Amino acid sequence: MTETILEKLATYIATEFLKQPGRIIKPDEPLLSSGLIDSFHLVDLSLFVENNFGVRIDDADLNASSFDNLAQLTTFIKEHQ
Amino acid sequence: MPNFSNILQRHYEHTPDKVSITMLFAGQPDQPVTYRELIYGASGYVQTYTQHGIQAGDVILLILQHDVDLLYAYFGAVLLGAIPSIMPFLTEKLLPERYRTDLAELVSHSRPTAIVTYREFELEIRAALKPGEDSIKALIISDRAEGTANYPCPPDFAAFGGFQRKEEDIVLLQHSSGSTGLQKGVALSHRSILNHLDAYGKSILLNQDDVIVSWLPLYHDMGLIACFLLPILSGIPVVQMSPFDWVRAPHRLLQAISTYHGTLTWLPNFAYNFCAQKIRDRDLEGVDLSSWRASINTSEPVKYKSHQMFYERFKSYRLRLETLQTSYGMAENVFAVTQNDLTTQPYTEDIDRESFTSDRIALLAFDGRPTIQMMSCGKPIPNTTIRVVDSKGHDLAERHIGEIVLKSNCMLSSYYNRPDITKKAFIDGGWYMSGDFGYMVNGEVFIAGRKKDLIIVGGKNIYPQDLELLAYEVPGVHPGRASAFGVFNEITGTEDVVMVAEVDINDPVDRQKIADGIRATVTRGSAVALRYVHLVRHPWLVKTSSGKTARSANKDKFLKEMQEKEQVY
């Protein structure tokens, strides 16, 4: 299950944000602080998380202090499921 | 002419209980601030500044976030007669070392006497300072705990130096962003700003029923002038939220307009696309936008498609099409240069693409040839005159594209402590060279690109040379072999930032590493996220005769390659 969430997120970010479908994102690779994704993507990301993992996310929840890599984001999602 | 302090005193004495500014915070109750509270808070800061030996005419740098402290520290500086300037806060993206370098640059050019910041940011700031060598005499910690120095207190107007400031004295500095932008502070006088507020107020039919709503940062002219000084000095209520809260929850802007019966907003073009695409219906329950009389699109190229998209998305919430308006502005003219007539929709026209790009003439579409849609930014505001000139400074006929130059009674006094670049910014007769290309038709001003190489993302100016210097730091990228530019993205309504770099290495894994390195270094060094990193083989980049990177030629080449690969733009 964990793997699935992580993989789905990785594919989504690589395809939609980076426009590099083949790009592999490592679980501990920084996302926000590295500039791979920026704050304008956070709304899309929270919509994707809501629609795919049945998690309701409040406005301020998804930000640089709640996650900066896929592993942290996956943990965040599981905690809210 | 009164100065800022006289005006603040008048509001304090006549309408002390009127709410001037309402601050919105995610997950907290809204915080109204009356004129009395504003003056008390500012007076607390006057005391603190005075205790630190800061005097009228000194520059005070404010490194504070969206909060009442920023408000009080700002107007405290004004009442003291000092010159406040807001510097962007360090974000998670920016490397602290880079922030310190930028700060040191700003300090060396604008020579502030004091910095105000938070306790938790103190070490970061101190690391950028050189005690005994630079201009900083005091690092003031924003702390409103009872008993501390800048605790709010009643004003002692007779003792405040702000009342002795003359109309030609500088009242504030505005800095543009990035290493290049931070080195030139736009210095504005009391007279320029008050002349501007008067002229611009007439253009937008400002009246006592208005309520301004904003998420804009105050270190930018659009936020500082239109959504901070204009309302507070004019006695018009303003509702403010932080840009960081808005970008995560764009619906909050519309909810605030509905709740507070907002009438006026200023938004950069991308915000229309962003709101239209990202806001969910469930966040709009009960929202009524019928009070919204003007949303003024400015600070990056204005697109009719963005207005259409926004209107279609929100018309069922009682948004009117004529609410969507346009303006063209720059900090050097305080804020606005033009404003369209708010009683009608902005004038749009389809022009012939080839004449526009090849002959630099905006001819109306003919014979079914390919077109470009242009939306007017309106006419010059009452105190500002505009000309469109060629490279020799000669006037051009209507519809001919040239550089926009302007003259007004609200121009900058100078780039602070920079007589060299101030002088270069003007041509004979005192006309300020905007660096923007445009054309005029029946007095309406259309913006058609830029003379200066400048990328504008979400209304924020980015100097490409700052980004290229960062790319050169990445192993595998040679100095002079990278080019940064912006490419307009119709979906987001703003520019995507592209970096093209020539790389000799062939191994795909190593190339990916270099691309990641460029992305990370640029982001952490400038807080700008690159959308495309395009690695090419030498010789790819187009150079000018003097060996500099020809950014617009590289942009054209990049776009052509992308089209061939069938990537959509």
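Me: As I understand the term, a residue is buried if 20 or more other C-beta atoms lie within 10 Å of its own, exposed if 12 or fewer, and partly exposed in between, with C-beta atoms placed from the backbone. How many residues of helix α7 of chain B are buried?

Reply: Ten of the 14 residues of α7(B) are buried, and the helix is mostly covered. Among them are B:His190, B:Ile193, B:Leu197 and B:Tyr200. This is a predicted model, in which local features need pLDDT of at least 70 and side-chain atom pairs count only at pLDDT 80 or more, while totals for chains, interfaces and linings use all residues. Residues are numbered from 1 along each chain as its sequence is written, and chains are lettered from A and ligands numbered from 1 in the order in which they are written.

Me: What covers those buried residues of α7(B)?

Reply: The cover includes α1 (4-14), β7 (170-175), β8 (185-189), α8 (221-234) and β14 (336-339) of chain B. Helices (H or I, at least four residues) and strands (E, at least two) are DSSP runs, numbered from the N terminus.

Me: What distance does α7(B) reach from its first C-alpha to its last?

Reply: Helix α7(B), residues 190-203, reaches 20 Å, close to the 20 Å expected at 1.5 Å a residue. The expected span is 1.5 Å times one less than the number of residues. Just after this helix, B:Leu205 takes a positive phi of about 55°.

Me: Changing topic: is B:Ser20 buried or exposed?

Reply: B:Ser20 is buried, with 24 other C-beta atoms within 10 Å. This serine lies in strand β1 (residues 19-23) of chain B.

Me: Which residues is B:Ser20 in contact with, leaving aside its neighbours within four places in sequence?

Reply: The contacts of B:Ser20 are B:Val33, B:Thr34, B:Tyr35, B:Leu38, B:Ile232 and B:Pro237. Two residues are in contact if their C-beta atoms, placed from the backbone, lie within 7 Å. B:Pro237 is 217 residues from B:Ser20 in sequence, yet the two C-alpha atoms are 4.8 Å apart in space.

Me: Which strand pairs with β1(B) in the parallel sense?

Reply: That is β10 (residues 238-240) of chain B, over three bridges; there B:Val238 is the bridge partner of B:Ile21. Strand β2 (residues 31-34) of chain B pairs with β1(B) in the antiparallel sense over four bridges, and B:Gln31 in β2(B) stands opposite B:Met23. Two strands pair if DSSP finds at least two bridges between them.

Me: Why is strand β27 of chain B largely enclosed by the rest of the structure?

Reply: Strand β27(B), residues 494-502, is largely enclosed because seven of its nine residues are buried. Eight bridges join β27(B) to the antiparallel strand β26 (residues 482-489) of chain B, with B:Phe485 opposite B:Val498. The two strands form a hairpin with four residues between them, and B:Gly493 in the turn has a positive phi of about 75°.

Me: How many bridges link β27(B) to β28(B)?

Reply: Five bridges link β27(B) to β28 (residues 532-536) of chain B, in the parallel sense; B:Val500 stands opposite B:His534.

Me: How many residues of chain B are in contact with chain A?

Reply: On chain B there are 16, in contact with 15 residues of chain A. Both α9 (243-248) and α16 of chain B give two or more residues to that side, and α16(B) provides its largest share, five residues. By class, this side of chain B has eight nonpolar, two polar and six charged residues. Ala, Val, Leu, Ile, Met, Phe, Trp, Tyr, Cys and Pro count as nonpolar, Asp, Glu, Lys and Arg as charged, and the others, Gly among them, as polar.

Me: And which secondary structure elements does chain A have?

Reply: Chain A has three helices and zero strands. Its radius of gyration is 11 Å, close to the 12 Å that the globule rule gives for 81 residues, so chain A is as compact as a globular protein of that length. The radius of gyration is taken over C-alpha atoms, and the globule rule is 2.2 Å times the number of residues to the power 0.38. Buried residues make up 27% of chain A.
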